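Trainee: I would like to learn how to read the features of a model such as this one. Please show me the structure first.

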Amino acid sequence: MPSTPSRPLKLGREGLLLAALAVLCVVFASQSEFFLSERNLTVILRNSVDLAVICAGMTIIIILGGIDVSVGGIVAVSAVLIGRAYQYGAPDWIVVVIGLSAGAMLGAMNGAIIAKTRVPPIVATLGTMYIFIAILFLVIGGVWISGLPNTLSFLVLGEYFGIPVGVFVIGAIYAFSWVLLRRTPWGQRVVAIGCDEVSARLVGIRVDRTKIQAYALLGMFAGIAAVLYIARLRNVEVNIGTNIALEAIAATILGGANIRGGVGSLIGTLLGVLFIKLTQNGLVLIGVSSLWETVVIGGLLVIVLVLDALEKRRTE
Amino acid sequence: MRDPLTQRMVFLVGLLLAACVAGALLSPHFLQASTVGFLLQYVPVLGVLGLAQTLVMLSGGPGIDLSIGATMSLVGLAIAALFTAGVPLLLACVIGLVIGGLLGAVNAFLVCVMQVPSLMGTLATYFAYSGLALALTGGSPIGGIPDWFGTLAQGRFLGIPIHMWTVFVPLAIALHIMLSRTQIGTHIYAAGNDERAAFLSGVKVWRLRFALYCFAGVIAGVAAIMTLSWFQAARPDAGDGMELLSVTIAVLGGAHIFGGIGRISGTVLAVLIVTTMQVALQLANISQAWQLAAIGLLLIGSVVADNAVAEKLRARARRAPS
């Protein structure tokens, strides 16, 4: 690409998002003095943890060229199994194992359907979303599970050296995902499939297996999110997980991932999650009804998609 | 019988019969004359949305409209709000259809002008529209639609709901003729089958798709009017879940998710199948969870079946001397 003298520096998506976050903070802080208080920032962080964890997996899936709209359903099923396990008196570690393995299994199921039957990922995961919600209804029976023990609450609510534990959780997940994606052959295979699946198959990459593994990984992250969700709220609602998939896709796209596959950034995704959660929190603080938050996310997504399209048109 | 699309139709008719038999076995109330009217009451709203979704998918791209249900909610609210503000109801309905078309045009602009993948573009507008529907009303419905307006969706003629006679059946026939007998239909199939070949032979592919997204918006408006007449109130969540159901119906009816393959008759059968299943489970007092599970399985199963058909078509094309 020929460099033009008028654009000596390329800001990149992460830089743009950081700038946007800064602007957002200034705007909200000028309207509400509570916004930048330590307490509120901790609240934002706690609310972001489960979405952030899922988004790490979603980024990998979108880089792979796939999509998963059933993550909300996976979170719901994992959470309801965790809730039932607690009610039967299972200890924490068993509960965590159940949550993670349920998530990973449901994710692997998605992956197997997508890889083996060649059903487009959006359709397959729409279908499994229905099935997961059905499982949720059948297990939960229309009644909230509440009053669960708080033994895992430190994962979200606790602090180490004055830093919320959530930071460490997010850090660990993203470090793990980054290493997996950028420093292992498996990650290279994921990017290769996302760039050109046919070629990837021709050079001998086991595409189906990699896909199943990637969806299982996202499922496991959704299981972790379910554990964190229960650790935070200690109940399972009937409508758990309804918006998670859309928020996760929005955050990932905001963060610079290309829905056509091959391109994506974990750091960008994390900034996208922060952006969404800051907006939701800030709007409520400055007195806008929380009902507006979907409008704002949708509007943002439209703007970002149009900007991306314009950018692409200019570079071509 | 050798034609895979005909096989598909036979399969769908079989599925419909199976759904009826299952309904009869599940509930003693199912095999009654009144069930027909009750069942057909649900068909038109879902049906027109499924037809619109079928057209968007047929034209390829790949095309999909995830915002169709949210558009329906928003248009319904707009009409009810206009009426409350003193606009005559029929004029409000016309304005509503225009609004639907404009909301569809936003999708069309994103997908066809900005070249955003349809999945992402309409997901974004789904967020925006359904959010607007909730935010503008604070989540509460707008009522006060007069009784005479209820005739459209509550009245019966020969035991069959009036909106079945006046909206769904005419629309399905018109679209069927358009697809099978007119140049527009040929162009839609051409665009869906091979975008480049269609373009090179003079089909204005993107203009066609633009028009179809706008059309889907208008149809969402039609669905909104029928819902308004049915419940005599506009709910901000009226179209929730309709986007997924309409995709399910289009795909179950044999429309290929990447375009080019599909028939109106398939979509009509698919609407009947899904509705029969829902009504049967409802009459038998079976948990809604099973309905969801059944729809999910149908959706995945029908695409799997579809791929098998496409595979067969391709195998035949390879065998045929060229």
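**Reading the model**

Mentor: Chain A as a whole averages a pLDDT of 85, with 96% of the residues scoring at least 70. The model is predicted, so local features need pLDDT of at least 70 and side-chain atom pairs pLDDT 80 or more, while totals for chains, interfaces and linings use all residues. Residues are numbered from 1 along each chain as its sequence is written, chains are lettered from A and ligands numbered from 1 in the order in which they are written, and side-chain values use heavy atoms, without hydrogens and water.

Trainee: Which residues of helix 8 of chain A are buried?

Mentor: Buried means under 20% relative accessible area, exposed over 50%, and partly exposed in between, with a 1.4 Å probe and protein chains only. Helices are DSSP runs (H or I, at least four residues), numbered from the N terminus. In helix 8 (residues 185–195) of chain A the buried residues are Trp186(A), Gly187(A), Val190(A), Val191(A), Ile193(A) and Gly194(A). They lie on the same side of the helix because they cover an arc (of the directions from the helix axis to the C-beta atoms) of only 160° around the axis.

Trainee: What does each face of helix 8 of chain A meet or carry?

Mentor: The buried residues pack against helix 2 (38–63), helix 7 (165–182), helix 9 (197–202) and helix 10 (207–233) of chain A. On the face turned away from the buried side are the exposed residues Pro185(A), Gln188(A) and Cys195(A).

Trainee: How is a pocket read, and what lines the second largest pocket?

Mentor: Rolling a probe the size of a water molecule over the atoms shows where empty space is left. A pocket is an open set of points, on a 1 Å grid over the protein atoms alone, where a 1.4 Å probe fits, with protein on both sides within 12 Å along at least five of seven lines; lining residues have an atom within 4 Å of a point. Here 46 residues line the second largest pocket, and Pro120(A), Pro121(A), Pro62(B), Ile257(B) and Phe258(B) lie nearest its centre. Helix 13 of chain B gives the most to this lining, with 8 residues.

Trainee: Which residues have a positive phi without being glycine?

Mentor: Most residues other than glycine have a negative phi. Gln115(B) has a positive phi, near 60°, and is placed in the loop between helix 4 (89–113) and helix 5 of chain B. Gln232(B), with a phi of about 55°, is found in the loop between helix 10 and helix 11 (242–252) of chain B.

Trainee: Is Gln232(B) buried or exposed?

Mentor: Gln232(B) is buried, at a relative accessible area of 18%, whereas Gln115(B) is partly exposed at 30%.

Trainee: What does Thr71(B) touch?

Mentor: Thr71(B) is in helix 3 (residues 68–84) of chain B and counts as buried because its relative accessibility is 2%. Beyond four places in sequence, Thr71(B) touches Gly100(B), Leu103(B), Tyr129(B), Gly217(B) and Ala220(B). Gly69(B) is also found in helix 3 of chain B. Gly69(B) is buried at 0% relative accessibility, and its contacts beyond four places in sequence are Gly239(B), Met242(B) and Glu243(B).

How values were computed
pLDDT = per-residue confidence, 0-100. Helix = DSSP H or I, 4+ residues; strand = E, 2+ residues; numbered from the N terminus. Contact = heavy atoms within 4.5 Å.
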